[in-house]
Amino acid sequence: MIKVAENQVAEKREQAIADNIAALQRQLAELTEQSQFTDNVTLLAVSKKHPVDAIIAAAESGLHQFAENYVQEGVDKIIALRESGYTQPLTWHFIGPLQSNKTAVVAEHFDWVQSIEREKIARRLNEQRPDDMEPLNVLLQVNIDDDTNKSGLAPEQVNPLAKYVSQCPNLKLRGLMTILQANTDETQRRQSFARMRQLYLELQQNYGAEIDTLSMGMSGDMRQAILEGANMVRIGTAIFGQRE
Ligand SMILES: *Cc1c(COP(=O)(O)O)cnc(C)c1O
């Protein structure tokens, strides 16, 4: 009996995830249609604090790119999925703060790191990326609101770090990521995201078409982000529900 009840709960959760993804994809299509600055938005599922079963449910609903914030939790899930026999190929993004003593395990398991803000971290990831893997895709994290609680580069620090990363053979610079300050109003968000778009365009002018990713917008601010040109949104809550 208990088993049956557990299965029903799991089935309900899977259905909720599928419904959430379908609703989000409709919203993303509408927003992309409205936006003057983007014509294609990748939905990145932020699975932190959610179990492997939830990741599989999202993958079965058509998502292929997942993101984690905490190194050990992320690596544990990547390995658990592989060992579960799940064969759908998934792409993994690391989006959290990264300390230098954790870079090796990130270089060995993830496909992207979106939270690069220091040369030392870039250098270690470049050195530690295994030879038999593709170059690690990298975004530079920008603290666009100059928020003292957030990590990330000041806008004027983007060019020097981009130059360094672009010379690392095992890293591939793809663009920029930002997290806005909490509790800002819609106008402020639009302004901050628009400043990100300017920085992104400058980066494209310097490095060309390899710069193809502007990662901004989460469950609460994806609307403003897409209207200002995001082409990747990082969504947790609106897919998986509240985290504990
Ligand atoms: C948790 C997190 C997200 C997702 O946030 P939601 O509000 O749950 O959509 C996106 N980006 C980063 C960097 C995060 O840490």
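Biologist: Is H93 buried or exposed?

Modeller: This is a predicted model, in which local features need pLDDT of at least 70 and side-chain atom pairs count only at pLDDT 80 or more, while totals for chains, interfaces and linings use all residues. Residues are numbered from 1 along each chain as its sequence is written, and side-chain values use heavy atoms, with hydrogens and water left out. A residue is called buried under 20% relative accessible area, exposed over 50% and partly exposed in between, with a 1.4 Å probe and protein chains only. The relative accessible area of H93 is 0%, so H93 is buried.

Biologist: Which strand holds H93?

Modeller: Helices (H or I, at least four residues) and strands (E, at least two) are DSSP runs, numbered from the N terminus. The residues that H93 touches, leaving aside those up to four places away in sequence, include F66, F110, W112 and M232; here touching is contact, meaning heavy atoms within 4.5 Å. H93 itself belongs to residues 91-94, which form strand β3.

Biologist: How many helices and strands does the protein chain have?

Modeller: The C-alpha atoms fill a box of roughly 60 × 45 × 30 Å along the principal axes. Within the protein chain, the secondary structure comes to nine helices and eight strands.

Biologist: What is the radius of gyration of the protein chain?

Modeller: The radius is taken over C-alpha atoms, and the globule rule is 2.2 Å times the number of residues to the power 0.38. For 244 residues that rule gives 18 Å, and the chain is close to this, so it is as compact as a globular protein of that length. The radius of gyration of the protein chain is 18 Å.

Biologist: Which residues of α2 are buried?

Modeller: In soluble globular proteins, nonpolar side chains tend to be buried together. Just after α2, G62 takes a positive phi of about 105 degrees. Within the helix, the buried residues are V52, A54, I55, A57, A58 and A59.

Biologist: Where does D146 lie?

Modeller: Most residues other than glycine have a negative phi, and most peptide bonds are trans. Phi of D146, however, is near 50 degrees, a positive value. At 66% relative accessibility D146 counts as exposed, and its place is the loop between β5 (136-142) and α6 (158-166).

Biologist: What is the relative accessible area of N183?

Modeller: N183 also has a positive phi, near 60 degrees. Its place is the loop between β6 (171-178) and α7 (186-207). N183 is exposed, with a relative accessible area of 81%.

Biologist: How far apart in space are E134 and N170, C-alpha to C-alpha?

Modeller: E134 lies in the loop between α5 (119-128) and β5, and at 64% relative accessibility E134 counts as exposed. In sequence, 36 residues separate E134 from N170. In space, C-alpha to C-alpha, the distance is 7.6 Å.

Biologist: What distance separates the C-alpha atoms of E127 and L201?

Modeller: E127 lies in helix α5 and is exposed, with a relative accessible area of 57%. E127 and L201 are 74 residues apart along the chain, and their C-alpha atoms are separated by 29 Å.
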